[in-house]
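Me: I am new to this structure and would like a close look at just one part of it. Could you pick a pair of packed helices and go through it with me, then go on to what lies around it?

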Amino acid sequence: RFSWEPAYFIGLTLPWAFFALSNPQVSQRLFVPDRVIHLKRMILYFSVFGFIYTIISTLFGLQAANLFPGLDNPDQAMPHLLSQVPSFLGLIIFIGIFAAATSTLGSIVLTLSSLFSRDVVKYIKPDLSEKGQTRVGKGAMVCLLAICAYFAWLRPGLIAVLSSMASGGLLVMAPSIIGAFFWRRASAAGALCSMLVGGPVTAVLYLADSCPRGWWPPVWGLGLTTLFFFGVSLMTSPPQK
């Protein structure tokens, strides 16, 4: 349905531009450094690595498109490329890809289970002990891994597009996170309203397979989120401290 037009390219890449902020398994690492200089260094190194990784991945894609035009499933581009290199080199590359995917999956599952046990269950049941939170978190991990296994068994097409859809939903947090650090006028009401509006709008557009005026859901979601964040913040009171 889509061609590689600017709107299509922006729709796929915009969520990744804010990946380090919007994805909790990445943004939680902002709380690890003990000094500002270490935080700045970590952000700089992550940006450099992400840029280099993006260039390499894009070159792989262009090479696959040149060598194997008209693939039925574009997700098979990398396996086709690995089949053209010596076995030992293909094995090393495969192990690196598998390790990266496993690490990412582990980080996401750990983060979501922690969010569920500490921010959801703990809020509902404030007297829940630390051991109780741990048990709830472990149960959540099992459920999440089962969902991931079922999702892998379904083998949906175009995993890159699906990943972009997930990041597009998380993109609505970016204005609030940036505003919390750089805009003193930002308010909690503005952050909450922006996410409550932008998130559902992005989800509905994706589910309806709708791209108004040719622009993908993340573009509309980010635009509405930013508008509501600034508008509601200006109409409400910011924190005193």
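Reply: **A pair of helices and a pocket beside it**

Let's start with α10 and helix α11 (residues 217-235), which pack at an angle of about 160° with their axes 8 Å apart. The model is a predicted one, in which local features need pLDDT of at least 70, side-chain atom pairs count only at pLDDT 80 or more, and totals for chains, interfaces and linings use all residues. Residues are numbered from 1 along each chain as its sequence is written, and side-chain values use heavy atoms, with hydrogens and water left out.

The helices named here are DSSP runs (H or I, at least four residues), numbered from the N terminus. Their axes are lines fitted to C-alpha atoms over the stretch in contact, with angles running from 0 to 180 degrees between N-to-C directions. At about 160°, α10 and α11 are therefore roughly antiparallel to each other (the term covers angles over 145 degrees). The crossing of α10 with α11 is right-handed (the near helix is turned clockwise from the far one by less than a right angle).

Which residues of α10 and α11 meet? On the α10 side they are Ala 189, Gly 190, Ala 191, Cys 193, Ser 194, Val 197, Gly 198, Val 201, Thr 202, Leu 205 and Tyr 206. Facing them from α11 are Pro 217, Pro 218, Trp 220, Gly 221, Leu 224, Thr 225, Phe 228, Phe 229, Val 232 and Ser 233. Contact here means heavy atoms within 4.5 Å. By class, this contact has 14 nonpolar residues, 7 polar ones and no charged ones (Ala, Val, Leu, Ile, Met, Phe, Trp, Tyr, Cys and Pro are nonpolar; Asp, Glu, Lys and Arg are charged; the others, Gly among them, are polar).

Together with α9 (174-182), α10 (188-207) gives two or more residues to the lining of the second largest pocket. A pocket is an open set of points on a 1 Å grid, with protein on both sides within 12 Å along at least five of seven lines, and lining residues have an atom within 4 Å of a point. About 250 Å³ of space lies in this one (the volume filled by 1.4 Å probe spheres set on the points).

The lining has 15 residues, and Ala 180, Trp 183, Arg 184, Ala 186 and Pro 239 lie nearest the pocket's centre. α9 gives the most to the lining, with 5 residues. The lining divides into 9 nonpolar, 4 polar and 2 charged residues, whereas the contact of α10 with α11 has no charged residues.

Notes
Parallel < 35°, antiparallel > 145°, perpendicular 65-115°, else oblique.
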